[in-house]
Amino acid sequence: MKMTDMIHEPAGQVPVVSRADVVVVGGGPAGFSAAVSAARAGASVTLVERYPYLGGLASGGMVLVLDDMVNGTEVTVRGICDEMIGRMAKHGLAVVPPPEAIGNDPAMHRKWSRWGVFDFHTHYKPHPICYSVAFDPDGWKRISDEMVLEAGLELRLHSWFSRTIVEDGRATGVVVETKEGRQAIMGGMVIDTTGDLDVAASAGAAFIEGAYMVTTVFRLGGVDTDEAERFQFEEPERFQAIDREAKRLIGGSWDYWWLKTPLPGIVWCNCPHMTGYDGMKVADLTRAEFEGRRRIHRMVDYIRANLPGFAKCYVVDVAPQTGVRQTRLLEGEYVVTKEDINQRVHFADSIARGRDYYTPYRAILPRNVENLLVAGRHYSATSAAQKMSREIPPCMAMGEAAGLAATMALSSGVKLRDLDVAELQKRLRAQGADPGDRPSANAKILEATA
């Protein structure tokens, strides 16, 4: 059937099932942080999520290492992200290297590198161990549930975003598809944390389209990680030959294609990486699922027979969400560039940080739609800049800032674009976050960014 074929859809009424000060669409790391932040600041909040759990790519996509949050020895992402880490760690569901492991000690590298807690941005190897976190996906869901309940917000799972309700240039709510039919959720402010800019694009906000590789992440059980690590470090030539063939079979992976997790004998495989798929197209996503699983089973057959430590391994699960890294990107009041990231440009209106870069408030603010903010990997950045700044911790920092900003704008009766950003920065610091208002010593200060 041609895409030009159309049917007529009759107009109808949609019941309003919820009204809140702030509506957050997308329950991934950014959306969860935005919703909790807004609720803690005193707003009534409705959080909308299409899947039956919170966490997005952190849980459903099984991106099981939190990184990109240190500038040298300085931890740059705190607030709700830091709280999430602490809560998971108390349950044994997050692993953090101790201070004595940080650095280039070969012994510490051998002990900690297979947790994925190293600085992969360095231009030398072995990469030094740094502050980062390996965690369990169901641990993320568990703590998300706890924090949402404590915050007292309304959570609506199993609700697929359909369109944004726009009145006189203002986002006033969204329509979702559910098993009960179409439902409307109205809000004083709307925050798009969909990852694909669904809400802002539907509202008419300007955007560009980008693309990057997609991944069908999986986990293996029954792995003797002690033997696998022994083989890697004590028989390096044999290891490299087998590892090279495993990577060829999976058809795209990072240097370490398997990493340890907090669950004994369970390893995380952030692969296969696949290019040429559009994360916005049903046919492409369907093909990626089939191709990913084909590659996974091809490699598993090989490593069972050849890789020490993996003789009894089995596929525990393949992530229920495809790892889509880039689709639509907002063209907001400011577009962050690759140069901004590389040169560590500091912005006077910074409201979130990554490892050594800063995110200005203007980069989460659409140009031509009121009452709408954007937080997450679809923020206002060039394609090249987004590839360098899309990790989970900085997205959580963006979400935390967006939730507080929406609440402050409502309570003060000002437009989001007229918000007192200095006051927002002050309040973010008061609740334990680092908005980046205080530049690090290696930041590049430009008058033009004020």
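Contact here means heavy atoms within 4.5 Å. The model is predicted.

Ser440 lies in the loop between α12 (421-430) and β25 (444-445). Is Ser440 buried or exposed? Ser440 has a relative accessible area of 13%. Buried means under 20%, so Ser440 is buried. Setting aside neighbours within four places in sequence, Ser440 is in contact with Asn71, Glu74, Arg353 and Tyr358. Polar contacts link the side chain of Ser440 to two side chains from that list: Asn71, at 3.4 Å, and Glu74, at 2.7 Å.

**Strand β10 and its partners**

Strand β10 covers residues 170-178. Of its 9 residues, 7 are buried, so β10 is largely enclosed by the rest of the structure. Strand β9 pairs with β10. Strand β11 pairs with β10 as well. The table sets out both pairings.

| Strand pair | Residues of the partner | Sense | Bridges |
|---|---|---|---|
| β9 and β10 | β9, residues 160-167 | antiparallel | 7 bridges |
| β10 and β11 | β11, residues 181-192 | antiparallel | 6 bridges |

Which residue of β10 stands opposite Arg163? That residue is Val175. On the β11 side, Glu177 has Arg182 as its bridge partner.

Both pairings are hairpins. β9 and β10 have 2 residues between the strands. In this hairpin, Asp168 takes a positive phi near 55°. The hairpin of β10 and β11 also has 2 residues between its strands.

Notes
Residues numbered from 1 in each chain as written. Predicted model: local features only at pLDDT ≥ 70, side-chain atom pairs only at ≥ 80, totals over all residues. Heavy atoms only, no water. Buried < 20%, exposed > 50% of the residue type's maximum accessible area, 1.4 Å probe, protein only. Helix = DSSP H or I, 4+ residues; strand = E, 2+ residues; numbered from the N terminus. Pairing = 2+ DSSP bridges. Polar contact = N/O pair within 3.5 Å; in protein donor to acceptor, adjacent residues only side chain to side chain.
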